[in-house]
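My notes follow in the order I made them.

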Amino acid sequence: MLAILPQFIFAQHSDESVRIKQLQIYEDSLASLGKKFVNDDNDLERKNANYEFIKTLVSALKIPNSFLYPFDSVKSVNIINSPDNRFRIISWPIVNEDGSYRFYGTIQINTGGNLQMFPLNDYSPQLKNPEDSVVDNLKWFGAEYYRIIPVYSPKLYYVLLGWKGNTVKSTKKVIEVLSFKNEKPVLGLPVFDGKGKTRKRVVFEYTRQASMLLRYVPEQDLIVFDHLSPPDPKLKNQHDTYGPDLSYDGYKLKNGRWVYVEDLDMRNVPDNHDANYIDPKKQGELDKAPVKKDE
C-alpha cells in the first residue's frame, strides 16, 4: 500500500499538469480569435472568428474543473464570478457592419467538476418592452456584464450591471436581475420601484458620444447612475440625444427591493472602481478589451 501511494499522488499531479496544459492551449487560441473578432475590418471575418471562438470556448469549458481557470489573457470577453462563487458569466459583443451590436455569452455553474452551463442567446430585437419582460437564457437582453451584486432577500437573486452597445447613434446600459428556478436561470424580476412603476430590469439609452456612470456602492447598498436628459426639451422622445446632466440618481436597496432615489449628493458617495464602459474601440494590437473608463 505504501508503495502504491506515491504512484497515485504522482498520477494525480500528472493529470493536473495535462489539464492545465490543455486549458493553456485553448486560452492561446481564444486570445488570438478574440483579437480577430474585435480588430478585423471585414464583417464576415469577424463573425467567422466569433463562431470559432464559441466552439473553442465550449471545448475548453468541457475540461473538468475549468471553472477554476481564469483565462486571463483572453481580453476580448469579460469574465466575472458571482461573489459567492456559485457561477460566472462570460459575455462579449460583436460589432455588426451597420455599427449595431450583437451580444454573446454563457453562464457557467461551479459544479466542482463536469461542465454545466447555460448559453445566452441575444434576443434583444424581439423584446419590445424589455423593462417588463421576464425571460430565460434563450431570450436574453444581451449585454456585457461588469458587476454582480448578490441580494439575500427571502429569494436569493443577483443584480447585474452591464454595458450594451446599441447603434451608431446610441449606447445602452442595463441593470439586469438573474435568479434561478429549478436550477435554471431566470432573467428579470419586478424589484425596481420608482416613477410610478415597477420594473423587471432597468434600461438606459444615451448618445454614443457620451459616457454614463453606472456603479454599485456597497457601503450604502446603492446603485448610482448619471441622470440622463436631452439637450433640448423638444427632443425628449429621442433618447439617442440624451446625455448626463451633472446630476445623479440611484436605486437604494430596502427589504430586498430597489427604491428609486433622485438628486444624490455624490460628495457623500464613496468612490470605487466599477467600470464605466464606453464604446469598444479598435486597437492595432488588442492589449485590453473591452475598453473601460473608471470613475
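I started at L253 and looked for its bridge partner in β15, which is W258. This is a predicted model, so I read every entry below as a property of the prediction. The pair belongs to the contact between strand β14 (residues 243–254) and strand β15 (residues 257–261). I found 5 bridges there, and the two strands run antiparallel.

Next I asked which sheet holds β14 and β15. The order reads β10-β9-β15-β14-β13-β12, an open sheet of 6 strands with mixed pairing. I noted β10 (197–199) and β12 (214–217) as the edge strands, since each pairs on one side only. From one strand to the next, the twist averages 30°.

I stayed in strand β14 for D249. Is D249 buried or exposed, and what is the nearest side chain of opposite charge? D249 is buried, yet I found no salt bridge for it. A salt bridge needs the side-chain nitrogen within 4 Å of a carboxyl oxygen. What D249 does have is a polar contact with Y260, side chain to side chain, at 2.8 Å. I then listed what D249 touches, leaving out residues up to four places away in sequence. The list includes I223, V224, F225 and H227. It also includes Y260, V261, E262, D263 and L264.

I moved on to strand β6 (residues 157–165). How many of its residues are buried? The count is 9 of the 9, so the strand is largely enclosed by the rest of the structure. Y157, V159, L161, W163 and G165 point one way. Y158, L160, G162 and K164 point the other way, and these are buried too. In a regular strand the side chains alternate between the two faces of the sheet. I logged K164 as one of the buried residues.

Then I looked up the partners of β6. Strand β5 (residues 144–151) is joined to β6 by 7 bridges, antiparallel. Within that pairing, Y145 has G162 as its bridge partner. A hairpin through 5 residues links β5 to β6.

The next partner I looked up was strand β7 (residues 170–181), also antiparallel to β6, over 8 bridges. Here W163 stands opposite K173.

Terms used
Residues numbered from 1 in each chain as written. Predicted model: local features only at pLDDT ≥ 70, side-chain atom pairs only at ≥ 80, totals over all residues. Heavy atoms only, no water. Buried < 20%, exposed > 50% of the residue type's maximum accessible area, 1.4 Å probe, protein only. Helix = DSSP H or I, 4+ residues; strand = E, 2+ residues; numbered from the N terminus. Pairing = 2+ DSSP bridges. Axes fitted to C-alpha atoms, helices over the stretch in contact; angles between N-to-C directions. Lys, Arg positive; Asp, Glu negative; His and termini not counted. Polar contact = N/O pair within 3.5 Å; in protein donor to acceptor, adjacent residues only side chain to side chain. Contact = heavy atoms within 4.5 Å.
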